[in-house]
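Look at the structure first, then read on.

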Amino acid sequence: MIFERFDDELVAIHLDTGAYHSLVGAAADAFVLLTEEATASELADALSTRYAAPPAEIAAALGPFLAQLEKEHLIVPVDTRKPRGPLQLAGSESGLPFVPPNVQAYHDLESLFLLDPVHEVGDEGWPHSASDPLSQ
């Protein structure tokens, strides 16, 4: 899986499935913190420093969000967490409106992402596929 953050949106692509995902606002912040193996309570505490909601409200909203991430195979449970310092969100914004995090999943380009152009072409190179008469 690869991901990139663009301002308030994070786009993640699962390379095994070809699905891509959009996470905005608190969802993007939570996802970045999850890369540091944050627990749900740690996420709620960290997000409450940026968003205008108490940790308990954020924690309640994280349950369905984390289930979505697992369903899309974007996160997996870990048995032993790596050592790290306290969680910190990038930027200094605070008091932002809290919108419960969610994942927008897009499966419409799966076949395109799963195409392996290195192994699907002849000596002529791409875009001539191996079944193209020009590559024979």
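## A buried pair

Arg50 has a relative accessibility of 4%, so Arg50 counts as buried, the cut-off being under 20%. This is a predicted model, so each value here is computed from predicted coordinates.

Which residue does Arg50 meet in a salt bridge? The partner is Asp29, and the N to O distance is 3.2 Å. Asp29 sits in helix H1, residues 26-34. Arg50 sits in the loop between helix H2 (40-48) and helix H3 (55-71). The two are 21 residues apart in sequence, so their pairing ties together separate parts of the chain. Asp29 is at 2% relative accessibility, so Asp29 also counts as buried.

## A network

Arg5 joins them in a network of salt bridges. Why can such side chains pair? Side chains of opposite charge can do so when their charged atoms come close.

## Two arginines and Glu42

Now turn to Glu42. The side chain of Glu42 forms a salt bridge with Arg81, at 3.2 Å from N to O. Glu42 belongs to helix H2, while Arg81 lies in the loop between H3 and strand E4 (104-106). They are 39 residues apart in sequence, so this pair too ties parts of the chain together.

Arg84 also meets Glu42 in a salt bridge, with an N to O distance of 2.6 Å. Arg84 is in the loop between H3 and E4, and Glu42 is in helix H2. This pair links distant parts of the chain, 42 residues apart.

Are these three residues buried, partly exposed or exposed? Arg81 is partly exposed, with a relative accessible area of 37%. Glu42, at 24% relative accessibility, counts as partly exposed. Arg84 counts as partly exposed as well, at 27%. For the model, the salt-bridge count comes to four.

## Where H1 meets H3

Which residues make the contact? H1 supplies Ala27, Ala30, Phe31 and Leu34. H3 supplies Phe65, Leu66 and Leu69. By class, the contact has seven nonpolar residues, with no polar and no charged ones.

Methods: Residues are numbered from 1 along each chain as its sequence is written. This is a predicted model: local features need pLDDT of at least 70, side-chain atom pairs count only at pLDDT 80 or more; totals for chains, interfaces and linings use all residues. Side-chain values use heavy atoms; hydrogens and water are left out. Helices (H or I, at least four residues) and strands (E, at least two) are DSSP runs, numbered from the N terminus. Buried means under 20% relative accessible area, exposed over 50%, partly exposed in between (1.4 Å probe, protein chains only). Contact means heavy atoms within 4.5 Å. Ala, Val, Leu, Ile, Met, Phe, Trp, Tyr, Cys and Pro count as nonpolar, Asp, Glu, Lys and Arg as charged, and the others, Gly among them, as polar.
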